[in-house]
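This briefing is meant to be read with the sequence and the 3D view side by side. It begins with a residue in a loop and then turns to other local features and to the overall fold.

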Amino acid sequence: MSVTVASWLDQLGHLDPEATRRFLSPRLAELTSPDAMLDRKAAAQRIARAVRDGERIVVFGDYDCDGMTSAAIFTEALRALGANVTPVLASRFDGGYGLSLPALERVLSHRPHLLVTCDCGSSDHASLERLAPLGVDAVVVDHHLVPEQPLPVMAFLNPHRPTCGFPFKGLASCGLALSVLAAVRAELGRALDLRPLLDLVAIGTIADVAPLHGDNRALVRAGLKVLGEARRPGVRALLELAKIEPGSALSAEDVAFRIAPRLNAPGRLGAPDLAVQLLLAPNLDTAHALASELEQRQLERRAVQDQMIQEAMAEVELERYRERPALVIGREGWNHGIVGIVAGRLASDLGKPVAVIGFEHGVGRGSVRGPRGARLHDALTACAPLLRRFGGHQAAAGLEVELDQLPALRAAFEEACAAQPPLEVADETPRIRFAPQDSLAKVLADLSDLEPCGESNPAPALALVGRVVSAREVTGGHLKLELALDNGERLSAFGINMGARAEGMVGEVAVSGKLRPDRYRGGNAIELKLDKIW
Ligand SMILES: [Mn+2]
């Protein structure tokens with residue numbers, strides 16, 4: 001192993017060789033034993049009975065990637081076991097998150113004997129209570145926070161239940177779904193290969209920003225491989241849309257930025273079923289037809305988003321909101337499936353907490369985002385008397401408000417944000433120092449063993465010192481840099497929007513960035529994508 005990556009592992013605290021081995025090559029065979037997972041057996045027994053007796057099963061998932069992949073996993077595996085299964089997803093425009101009453105109506109229209117909810121259900125008491133009198137059994141598979149009030153269901157599988165002894169709390173719902181299916185398979189004593197479902201587990205886990213350590217690291221590492229093989233028609237069509245060659249090594253970043261947004265697009269426009277149908281498409285023809293519809297939604301989503309950002313920024317300039325401590329902005333007709341993306345963009349551009357609200361008939365639903373460290377839930381709590389509803393986390397929250405409360409909300413939210421201690425803007429990218437005895441190719445290969453990188457396992461940037469051979473500004477204001485390293489190698493580096501730094505850049509420089517194969521030049525060329533120049 002390269003000295004560079006070995007010293008990084010030291011820094012991470014991987015001093016024990018066995019723990020290091022598990023980190024670098026996690027195995028599915030070493031997943032945490034699921035025996036202590038509360039209600040796993042009960043869930044599997046009830047689902048197995050439905051399979052055996054040919055009962056109608058509805059699998060209900062939330063509208064995001066974790067919910068839809070969980071629903072797809074249950075649907076595909078249970079169908080393979082011969083079950084009668086219909087997937088149904090929550091809709092942002094018909095009931096919103098979780099098993100709302102309108103969602104329950106849609107579930108019941110399929111006249112199920114058994115309902116399995118995934119990625120939601122833990123706090124849907126009102127809907128779940130209605131099932132028993134109708135003779136419908138329910139199994140909840142979820143990983144959201146658990147209210148104290150007991151849930152009226154046959155089995156409630158959620159590692160966050162206080163009495164659940166399963167030690168790894170980081171599984172997303174898609175990981176839980178896979179585990180339940182392994183138990184169903186055992187109950188039925190049937191052969192069923194679960195590995196082809198790992199691509200869906202990778203998508204759901206990464207998109208849900210679940211921690212990429214422990215069991216998730218093993219699941220996602222294996223899942224990315226299955227995803228790259230693209231045997232699933234829907235995945236093959238998705239990769240084509242994202243311009244990713246089947247057979248290439250996918251990163252968690254590819255999933256987060258190129259695959260998940262496409263799957264989310266239909267749900268943001270009120271048609272989440274399209275995405276789950278694509279994931280379940282039985283052949284390439286169907287997959288291609290669904291994928292081109294999906295791409296339409298993706299383009300539509302982007303157009304709506306751009307329009308909203310433009311309108312918001314015009315108002316920011318007109319009303320001089322830049323000078324305010326926080327931004328509250330809302331408009332009749334803004335799509336509330338997209339307000340979250342717009343709020344995130346404005347928060348990062350303006351560097352302050354932002355609430356973006358879409359109003360319909362005088363009632364607004366909005367998303368709140370802010371710079372790292374902002375305490376958004378606290379700020380909303382201070383505005384509670386003005387809100388119909390609010391919830392979420394410190395880092396991302398949602399609200400409902402009436403139109404005539406907007407000016408008062410703006411004043412109260414600004415005041416609450418101004419009262420918070422100033423944010424420390426820290427550069428949080430972990431950096432790994434290049435050891436001159438290594439070759440770039442060796443370091444690049446070792447860095448790929450750290451994948452999947454993302455939540456709880458950030459991708460380190462490589463920091464190195466080199467002598468400037470050439471530095472020039474290229475079209476678009478970018479920087480093209482050629483460095484001579486102490487180990488005798490040449491390295492070309494590329495800095496987005498760093499073109500102005502080229503002037504007068506001579507002698508030794510210290511830089512950092514992401515090392516990657518230079519696909520443009522082909523062969524085994526390696527390039528550094530700069531994130532910082534000292
Ligand atoms: Mn989830």
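In this predicted model, Asn497 has a relative accessible area of 62% and is therefore exposed, since exposed residues are those over 50%. The residue is found in the loop between β14 (490-495) and β15 (508-517), and its phi is near 55°, a positive value in a residue other than glycine.

**Other backbone features in loops**

- Ala230 also has a phi near 55°, again a positive value in a residue other than glycine, and it lies in the loop between α9 (214-229) and α10 (233-241).
- Whereas Asn497 is exposed, Ala230 counts as buried at 1% relative accessibility, because buried means under 20% relative accessible area.
- Glu451 and Pro452 are joined by a cis peptide bond, with omega at about 0°, and Pro452 is found in the loop that runs between α17 (440-448) and β12 (461-474).

- Helix α5, which covers residues 101-108, has Ala103, Leu104, Val107 and Leu108 as its buried residues.
- Around the helix axis these residues cover an arc of only 135°, so they are on the same side of α5.

- Ser70 is found in helix α4, which spans residues 65-80, and with a relative accessible area of 0% it is buried.
- When neighbours within four places in sequence are left aside, the residues in contact with Ser70 are Cys118, Ser173, Cys174 and Ala177.
- Val184 lies in helix α7, which spans residues 173-188, and it counts as buried at 0% relative accessibility.
- With neighbours within four places in sequence again left aside, Val184 is in contact with Ala44, Ile47, Ala48, Leu78 and Leu81.
- Val184 and Asp35 are 149 residues apart along the chain, and their C-alpha atoms are separated by 13 Å.

**Overall fold and dimensions**

- The protein contains 17 helices and 16 strands.
- Its radius of gyration is 25 Å, close to the 24 Å that the globule rule gives for 534 residues, so the protein is as compact as a globular protein of that length.
- The C-alpha trace spans about 80 × 60 × 45 Å along the principal axes of the protein.
- Among the contacts in the protein with a separation of 6 or more, 64% are accounted for by residues 24 or more positions apart.

**Burial, surface and charge**

- Of the 534 residues in the protein, 52% are buried.
- The accessible surface of the protein comes to about 24,200 Å², and carbon and sulfur atoms account for 51% of this area.

Technical notes. Residues are numbered from 1 along each chain as its sequence is written. This is a predicted model: local features need pLDDT of at least 70, side-chain atom pairs count only at pLDDT 80 or more; totals for chains, interfaces and linings use all residues. Side-chain values use heavy atoms; hydrogens and water are left out. Helices (H or I, at least four residues) and strands (E, at least two) are DSSP runs, numbered from the N terminus. The radius of gyration is taken over C-alpha atoms; the globule rule is 2.2 Å times the number of residues to the power 0.38. Buried means under 20% relative accessible area, exposed over 50%, partly exposed in between (1.4 Å probe, protein chains only). Contact means heavy atoms within 4.5 Å. Accessible areas come from the Shrake-Rupley method with a 1.4 Å probe; for residues, only the protein chains shown count as cover. The arc is that of the directions from the helix axis to the C-beta atoms.
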